[in-house]
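Thanks, everyone. I have one structure to show today, and I will keep it short.

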Amino acid sequence: MIARILNLVHKELLHFARDRVLTPLLLFGPLSELILIGVATSSNIEHLPTVVLNQDTGQQGAALVQMIEASPVFDLEQVDSEAQARDKLADAKITAAFIIPEDFSQALANPLEARQTQVKLLLDGADTFAAEAAHFGAEEVVDAFAGLVSMRWLNEAGIEITEFEEPTIRVLYNEKLKKSFYEMPAEMGIMLYFVAACVASLGIARERERGTWEQLLVTPMRPIEIVIGKALPAIPIAYTVFVLMLIVSLVGFGLPMRGSWPLLMAVVFIYILVELSVGVLISSLSHTQMQALLLVMVLMMIEFIFSGYIFAVDTMPKALQFLSNFIPMKHGLNMERSILLRGVGLDALWPDILMLVALGSGILAVTTWVLRRRLD
Amino acid sequence: MSWHKTLAVMRKEFRHIVRDKMAFSLTLISPLMILVPFGYSFLVEVTDVSTAVVDLDRSALSASYLQALDEGDTLTLNQHPADREAAEKLIKDGKAKIALIIPPGFADTVSAGAGLPLEVLIDGSEPHAANVAAVHINDRTKEFISAASAQAGGPPLVAPVELVIEALFNPDLKPINGVMPGMIGMSLSLVGVAVCAALTREKERGTFEGLVATPIRRSELLIGKLIPYVCTGMLTILLCVAASVYGFGVPFRGSLVLLFVLSSIFLFALMAYALLLSLFFQTQQAAMMVTILVFMIPPFFLSGMFIPVIVMPWWIRIESMMFPVTPFVVIMRGLFLQDLGLAQMWFPTLILVATGAGVMVLAILLFRKRLQTGWLDWILDNVPMPAAERKLLERWLR
């Protein structure tokens, strides 16, 4: 049986070796993708085009403008009227506009007549992510400014407090909160799914579509052997893709590797096997390449949403959280992030590994059942 | 160019789409299948972030502070490690996303009005939930400090300057309103994938030979092949817009006519790319994989849907403009939320028209109505090169 499968693997590898377009694309397409995404996500959301309308003539308004200008979040310009600021926002020329009221300095001048004054921040709500970043940046600047004012008031009132003790926030494992650090391991996971599922599912669908599937069936091979033989070449391809991506993210983007190398290599191997069995299942269900592609894409979206790539799974409703356990990518991403960034060992990851193994064998069992039913 | 022949090709391609159930659902339904779960996952609010608490102060005040944090659904204070190391271990193993460490002397400092000493540890490897939790903690802490100071007999501590937010177009800053319009362009890219596959299918199945034998000209063939997909694409866009407006409550404030015109320009540009890419492949498998890699994945990050284009390095900004999705995201947001007209959106429109037309011309030039149409063959035929190199290239090709 193994000899027969190996024969087919040899045939498939010949296919890949001879395909001058597909093979380089399979190897370097995901890599260039990863580089693009790494570059796009390594900068924080900063230098947002912003205007300020300072209606105040005193020192305080100028001081606040200076603090906003010093913040990396905003690239500041002055405007003369609120209408001008709103026009620019409406034309999507700027993300945010600060409006400092006329009596700003006056309100802050004397602690005895202290009253709260308001700085207005207009945001372009259409680009919600930029608007959120501007909102947080503005809050930080205004809080710092307010702290300075209260300090001055207290000192003028004769109370000597040199500093407030603020809560300290420490971010573990990703001190600068770089997006690329948590998106790159996730991107690797999705690319591995893509390569493994595409190679496995489209390969078999192509034989079906071209009519060469029947020829394979009349060979002494059993259907499951054919399916395995067609799927196996995806393993070295996907694994090479992974190693290339890993090298680029470690060397090129400074992604830390805090865990154990053998563990990482082993869990990725298991993950590839499981995604491969997903591809095999897709291929056993579809007749044409279009069909297989549709299933690959829809599954990719489902895996993407429930994997914790963009949305935190832990915070979804309980039923969805339970469902997410049956998504291989969720375990794959979790393990990649855990090992690379947090240096987690086998003691905390075994549930993920166990679940992956169970999922893989379950999917393979379903595939054999589907194949048997379809052929009899 | 004869419209008669173009129409004949169109009719053939329409039948392909309608009769092949899979192609039909791929072009018409699957963008919706991507849009709807995606939109849904944006409606899910972050709740029950598992939090580890180390209370080293053990005072009445620290207990009431923790209670204030526990209100609402955002945090679940479900882990109580003994010390900071144990808390860090919980975060490392992924059992807690965020840890609060209340130092000894917490109550004294707060009562003296000298601030609020507290250490917050955040898991930076999965910061989505932790960020929401940090904002929650910040808000509750401000309330708590002013309440505590009022209780101690002092005046309620109010920050002298308050920031008032007014978000135009999207008053509650709902992320779904910003994401859905862009997502429509993203999911429409699937139609581009389908087109590229449909164009390579003829080559792979050998029916291209049949087409070669007809007297049809290449521009007639190409335009006849594309128009049916532009039509189904329009239908899909309308379905997606309806789903966003009625299903997810995203407001549509712009003009429907403009939506119609600009969407067809977008679809045309998308098809032009699909056409150009299809020239490079002989098999559907390669065509699909590459178009997915080009159309589906980079636009997620480069189109400005999640990361504003403005913060990216200039060369990525130029590159992102080459994807038809990027200008379309700007256009769709303008139509949905900002009610912009052509006067304000001339720049993205111009980019769409320019890239679409440029790529279309390039594709028609490179397209050979001949067997073995490949771009390498084209180079072989048209680029002058020394005989030795030509031989090498030929051998590599066959």
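Predicted model: local features only at pLDDT ≥ 70, side-chain atom pairs only at ≥ 80, totals over all residues.

Let me begin with the extent of the interface. On the chain A side, 112 residues are in contact with chain B, and 110 residues of chain B take part in return. The size of an interface is often given as the accessible area lost when the parts come together. Here, the area buried between chain A and chain B is about 9,400 Å², and carbon and sulfur atoms give 67% of that area.

Asp347(A) forms a salt bridge with Lys89(B), and their closest N and O atoms are 3.6 Å apart.

Which helix gives the most to the side of chain A that touches chain B? That is helix α6 of chain A, residues 128–156, with 16 residues. By class, this side of chain A has 65 nonpolar, 26 charged and 21 polar residues.

Next, the strands. Strand β4 of chain A, residues 117–124, pairs in the parallel sense with strand β5 of chain B, residues 161–168, over eight bridges. In that pairing, Glu162(B) in β5(B) has Gln118(A) opposite.

Within chain A, strands β1 (residues 48–54) and β2 (residues 74–78) run parallel and are joined by five bridges. Thr50(A) stands opposite Leu76(A) of β2(A). Together with helix α3 of chain A, residues 59–70, β1(A) and β2(A) make a right-handed β-α-β unit.

That is all from me.

Technical notes
Residues numbered from 1 in each chain as written. Chains lettered and ligands numbered in written order. Heavy atoms only, no water. Contact = heavy atoms within 4.5 Å. Buried area = accessible area lost by both parts, 1.4 Å probe. Salt bridge = Lys/Arg side-chain N within 4 Å of Asp/Glu carboxyl O. Helix = DSSP H or I, 4+ residues; strand = E, 2+ residues; numbered from the N terminus. Nonpolar A, V, L, I, M, F, W, Y, C, P; charged D, E, K, R; others polar. Pairing = 2+ DSSP bridges. Right-handed = clockwise from strand over helix to strand, strands pointing away.
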